[in-house]
Amino acid sequence: MSPYDNPPTRPPDRAPDEQAAAPTKGGGCHGGHETMLKAAKAAGKTATLERLAEDYPKGPHDQPQSMCPAFGSLRVGLRMRRTATILSGSACCVYGLTFTSHFYGARRTVGYVPFNSETLVTGQLYEDIRNAVTEMADPEHYDAVVVINLCVPTASGIPLDRLPREIDGVRVIGIDVPGFGVPTHAEAKDVLAGAMLRYARAEAEQGPVQRPRQKDGQDAADRPTVTLIGELFPADPVGIGALLAPLGLAVGPQLPSREWRDLYGALDCRLAAAVHPFYTASVREFHAAGRKVIGSGPVGVEGTADWLQSVGAAAGVAEATIDAAKTKVLPAIRAVLEANPIKARVTVSGYEGSELLVARLLAEAGAEVPYVGTACPKTPWSEADRDWLAARGTHVQYRAALEQDLAAMRDVKPDLALGTTPLVQAAKEEGVPAIYFTNMVSARPLFGPAGAGALAGIVAAQTRGRERFRQMKGFFGDIGSGDSAGYGAQPAAQGGD
Ligand code: SF4
């Protein structure tokens with residue numbers, strides 16, 4: 001058994017940007033996992049909860065500690081053109097979610113249907129939601145209206161599946177995203193993306209649908225496309241397009257989509273690539289549409305070679321063409337890695353879903369990576385990355401809890417810890433250089449030559465800070481911790497009046 005295998009026994013302190021919620025078994029911001037689950041089942045949500053449990057298995061640990069899961073669905077809705085997003089939930093939850101969405105630059109209105117105990121128990125809340133949707137469903141402005149049931153309306157059985165399927169041509173998508181059913185905000189992205197894809201697939205099966213617009217990273221050439229699944233750094237689809245061109249393929253509209261009509265284009269692919277490996281409901285829709293789905297991603301030399309092989313095989317590309325594509329693209333990636341070697345021990349922790357790919361790239365660049373923790377579950381689409389890392393001695397922890405990430409960081413004493421807010425905070429307190437996964441790593445390219453160079457740059461810059469951290473820790477000692485936290489907590493040693 002690994003030293004990182006112990007499940008958490010208590011929820012940890014969280015940084016402000018992660019305080020919107022952190023559901024934990026038996027207790028949490030939603031008032032108790034088991035109680036809410038029981039109430040939701042009694043209110044007729046058994047099928048929904050069983051589907052969520054199947055798609056997003058919780059694994060051996062309690063639910064991971066990150067922001068309110070519903071943020072993932074909210075973000076996907078807010079990032080789509082001509083899409084209105086309405087929350088149905090407690091005011092405190094909606095406040096946290098609205099705050100977080102604007103913190104991340106939503107610049108869009110978040111709709112809200114409030115309730116009180118009377119409207120909840122009499123069913124008036126459902127009527128209020130239906131009225132709000134009817135009011136919002138203006139085809140001049142919207143292609144779709146999304147309604148998200150948070151914890152309390154889900155537990156109370158508010159039946160969003162009874163909303164009209166469309167109003168004046170505006171699609172209505174109602175989803176339940178309770179914290180006691182969806183473990184992470186990453187997987188909540190899939191709840192909405194999968195629901196939209198399902199709707200769009202049904203439309204496409206009925207007859208002709210709109211063509212997607214041509215966008216950056218997409219090729220005007222009429223080549224078969226690969227749909228990339230996951231929210232990627234904007235330059236990455238362009239870089240991946242360059243890797244696919246020698247195979248005679250192009251990048252198609254991504255999922256989650258930025259516009260309703262892109263969903264048709266995403267489905268109309270030769271194959272889909274689950275670059276982020278947690279989109280289980282979305283993958284189900286691609287399979288239902290007869291599309292193959294492959295895992296992993298084009299990171300580093302070996303990762304890119306393996307990925308091109310998988311893509312080529314799934315797309316029916318001739319072996320000689322696949323070999324020629326590798327010969328064309330791999331030397332550039334190798335050259336960047338050789339020019340930017342990473343000589344450091346690095347731990348990786350996060351809840352984005354790309355943690356294993358980041359660890360692979362670090363390892364290929366020369367880093368020692370003893371531990372990778374991801375809040376996401378084990379799925380077939382990260383299996384190849386897990387095997388590759390495990391073969392090099394990396395401990396891969398799915399559904400990682402903060403306690404496990406902290407234990408690993410303290411155990412292996414890395415030169416750099418990539419992690420979540422509370423992990424970075426703890427690392428810095430202990431004099432270990434650390435950077436935020438979300439703000440620093442996910443905000444840079446990851447794939448192809450651009451990814452190789454970008455990651456090496458931040459690792460080199462941050463590990464240089466180790467000596468500075470050591471000096472600061474030596475200088476300040478215990479000041480600022482425990483009883484002496486805060487300016488002026490200790491009386492001045494001398495001086496004064
Ligand atoms: S919706 Fe549920 S998980 Fe999210 S903040 Fe509210 S109670 Fe917590």
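Modeller: Happy to! One definition before we look: a helix axis here is a line fitted to the C-alpha atoms over the stretch in contact, and angles run from 0 to 180 degrees between N-to-C directions. Also keep in mind that this is a predicted model.

Biologist: Okay, so at what angle do α16 and α17 pack?

Modeller: The angle between α16 and α17 is about 30°, and their axes are 10 Å apart. Angles under 35 degrees count as roughly parallel, so α16 and α17 are roughly parallel to each other. Their crossing is right-handed.

Biologist: Which residues make the contact?

Modeller: From α16 you have Leu 402, Asp 405, Leu 406 and Met 409, and from α17 Pro 422, Leu 423, Ala 426 and Ala 427. By class, that contact of α16 with α17 has seven nonpolar residues, one charged and no polar ones.

Biologist: Why do the numbers go up in steps like that?

Modeller: An α-helix has 3.6 residues a turn, so residues three or four places apart point the same way.

Biologist: Nice. Switching to the sheet: what's the strand order?

Modeller: The order is β12-β11-β10-β13-β14, five strands in an open sheet with parallel pairing. β12 (395–397) and β14 (434–436) each have a single partner strand, so one side of each is left without a neighbour in the sheet. From one strand to the next, the twist averages 15°.

Biologist: How many bridges pair β10 with β11?

Modeller: Five bridges, in the parallel sense, between β10 (residues 345–350) and β11 (residues 368–374).

Biologist: What about β10, mostly covered or mostly open?

Modeller: Mostly covered: five of the six residues in β10 are buried. Helix α14 (residues 355–364) is mostly covered too, with 10 of its 10 residues buried. Among them are Leu 356, Val 358 and Leu 361, along with charged residues such as Glu 355 and Arg 360.

Biologist: What follows α14?

Modeller: Look for Gly 366, which has a positive phi, near 110°.

Technical notes: Residues numbered from 1 in each chain as written. Predicted model: local features only at pLDDT ≥ 70, side-chain atom pairs only at ≥ 80, totals over all residues. Pairing = 2+ DSSP bridges. Helix = DSSP H or I, 4+ residues; strand = E, 2+ residues; numbered from the N terminus. Buried ≥ 20, exposed ≤ 12 C-beta atoms within 10 Å, placed from the backbone. Parallel < 35°, antiparallel > 145°, perpendicular 65-115°, else oblique. Left-handed = near helix turned anticlockwise from the far one by under 90°. Contact = placed C-beta atoms within 7 Å.
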